Amino acid sequence: MHDFSYDFDSVTPDLWMANEENWKNKLSKLDNWYQIPLLNSNASHNLSDGRLVRFRGMVQDMHNPEFYFEKFEVYNTATNEVKVKSGKYCDTAHILENEKINYTENLKSAQRQAMVVISLPGLSDWAQEIEDSRNHLTYLNDQPNTTKRLGLTNIKFKRSYDEAEDDPEDMEVVDNVCGNKELKTSEKVDDGNKVVSREHLLNFPLPDVPSKSCIVKIYDESENLKLNDMIEVIGFLSVDPSLSGEFQQENNSFLEPESETDAETITHNPPPSLVPRLHAVVVKKLDHCNPLLTETFDQAKVLQEASSAREHLLKALTELLLGDELAAEYLICHLIASVYLRQDTLALGQFCLNLSNLPTKKYPNYAKQLYDIIKQFVTKCYYLPLTIDNLNTMALLPKKDYDCNRLTSGILQLSKHTHLVLDETKMEQGRLDSTGVGNITALGNMITTQKVEYDFKYYKMEFDSDIKVLLLSEGKSLLPSDYHIPLRPEESCLEIFDAIVEAATYYLKEEIMNTIRKYLTNLKLVKYTVSEDLKFVEDDFIEMRKADSDNPFSADDLHRHLVLARLVSLSRGYDTLTKDCWDITRKMESERLERLKNRIAPTL
């Protein structure tokens, strides 16, 4: 059988356009895409300009559409030869010194959508290591460094949609003569009173987390992409250093009024060595980012294997929660939860869990130690200590920066199925300023509605999210939660917690860990059906309403039971609600509510 991967090593934009359907067919026949270099795991400076590569990440921002020359004629003054070229899938037309573009006739323009895609925020170390082991191509280390420029005259042509709206054919053309200069490698660019740093250009939502960024050009208008979508892109790499805003020619202010500031120019045209461009030929939306899962999803097999995986996870979490099996059951439900339906302002499947009564007096870092174990199970997570300083200084909500004409990311700009662990045990006495109060409000709104408010200065807009929030606190959290359960540690476990962590690490060998990791992701993908025969639920609802006339069982209580019952069923390998799972749910909720009634102030 022909190995198509070798074909993709040498394909160029011109070859691709000559027979686009054939190339897409070859891509579909590839067993995997590992031989197409993944920018997340390989340095872009080891890859040649115009090579077919991949990038996997989250859509962080969308720029204005830009126009380009889809077809144009090039005239050779030495030979009088006329060639027809295309600007599709590239940023520069590689024009020789004795060639000129005919701007007067046979010029066809088109537009493409530019968007900023960043590596998945919060991607766990174990997932990244697996990706790197599969996708890092060692032979690329021997390739020449492509940050040196070619001795060609590159013509760069693009114009924003807004600028060209009045006359789409009237495009700004900038000739950049590329000598043998090296690209500047300074971390900061001084722009008058503005400083554009590396962090500013990468615009990553999570502080102090390594990341990569890419500007993706989309040609297919049918790609219905939204902010925060997880995608994998295959496209042609564009890393010509002349694309950097540092090399933009200055306009004559008397002849050409400025359409954008220097800060905006540099922000939208960062050095390609830092933020490469990618001209997409294939865009695939991702339902998950677990590298352990195969392309084909076998629901029957997933449900069959769920029970044994759950036993491993329950055993480990029970030990880590100091012998509290009920809390471990709720934590498992939290880890497999996802929003499965939205109705008006209600996000069905939302499952914010508050674990309180943590033993912080004996183990001040208990919350962080618990997080360190949880992050070994899930694909994406982030730990945020809710200190007064963090709340007063951190930017949680994305905000439009009109000076640079881009969306400045915030911590809550995360892709679906990200686990956010908020540690209230680190909160000390102090005063929240207006920013801190705003951040608390933003967290509360996100938890209750699963929507994040983006600040566009003149107006605010809500975007759907699916972020699982785990609240760790001593008393009841100051933030709202769907399920609050005070921890009930066993005395024997309290004395030997450090040994328990060590034993859990030893027990959770790679094979067991991978079983749990697949289990947690797979159950989010299972199609759960609601049976028409739920008479046992109706009967219990009537009975529970009669049981306590002072505090009757409400419709909200029933909804909370049904959400939990769905997760109890899935965790045990059922794709519909059974009587046994409903009884387990009722028992769990009864025990939890009993704890809340009898809880005492934390003394641990």
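What percentage of the contacts in the protein with a separation of 6 or more is accounted for by residues 24 or more positions apart? And then the part itself: which residues of helix α14 are buried, and what covers them?

Tutor: First, a caution: this is a predicted model. Now your first question. Residues 24 or more positions apart account for 79% of the contacts with a separation of 6 or more. The protein has 604 residues, and 54% of them count as buried. Its secondary structure comes to 18 helices and 25 strands.

Now to α14, which spans residues 497–507. Its buried residues are F497, I500, V501 and A504. Viewed down the axis of α14, they fall within an arc of 100°, so they line one face of the helix. The other side of α14 carries E502 and Y506, both exposed.

What lies over the buried face? The cover includes α8 (299–320), α10 (366–374) and α13 (491–495). Take α8. Two packed helices are described by the angle between their axes and the distance between the axes. For α8 and α14, the angle is about 160° and the axes are 9 Å apart. That angle makes α8 roughly antiparallel to α14, because angles over 145 degrees fall in that class. The crossing of the two helices is left-handed. On the α8 side, the contact residues are H312, K315, E319 and L320. On the α14 side, they are F497, I500, V501, A504 and Y507.

The crossing is right-handed. From α17, the contact involves L558, R560, H561, L562, L564, A565, V568 and S569. From α18, it involves C581, W582, I584, T585, R586, M588, E589 and R592.

For a strand, look at β14 (residues 277–285). Seven of its nine residues are buried, so β14 is largely enclosed by the rest of the structure. Strand β13 (residues 230–238) pairs with β14 in the antiparallel sense over eight bridges. In that pairing, L237 stands opposite L278. Strand β12 (residues 213–218) runs parallel to β14 and is joined to it by three bridges. There, K217 stands opposite H279.

Last, a single residue. H419 sits in strand β21 (residues 418–423). Its relative accessibility is 3%, so H419 counts as buried, the cut-off being under 20%. Neighbours within four places in sequence aside, H419 contacts H334, L335, V378, K380, C381, Y382, K468 and K524.

Terms used
Residues numbered from 1 in each chain as written. Predicted model: local features only at pLDDT ≥ 70, side-chain atom pairs only at ≥ 80, totals over all residues. Heavy atoms only, no water. Buried < 20%, exposed > 50% of the residue type's maximum accessible area, 1.4 Å probe, protein only. Helix = DSSP H or I, 4+ residues; strand = E, 2+ residues; numbered from the N terminus. Pairing = 2+ DSSP bridges. Contact = heavy atoms within 4.5 Å. Left-handed = near helix turned anticlockwise from the far one by under 90°. Arc of directions from axis to C-beta. Axes fitted to C-alpha atoms, helices over the stretch in contact; angles between N-to-C directions. Parallel < 35°, antiparallel > 145°, perpendicular 65-115°, else oblique.
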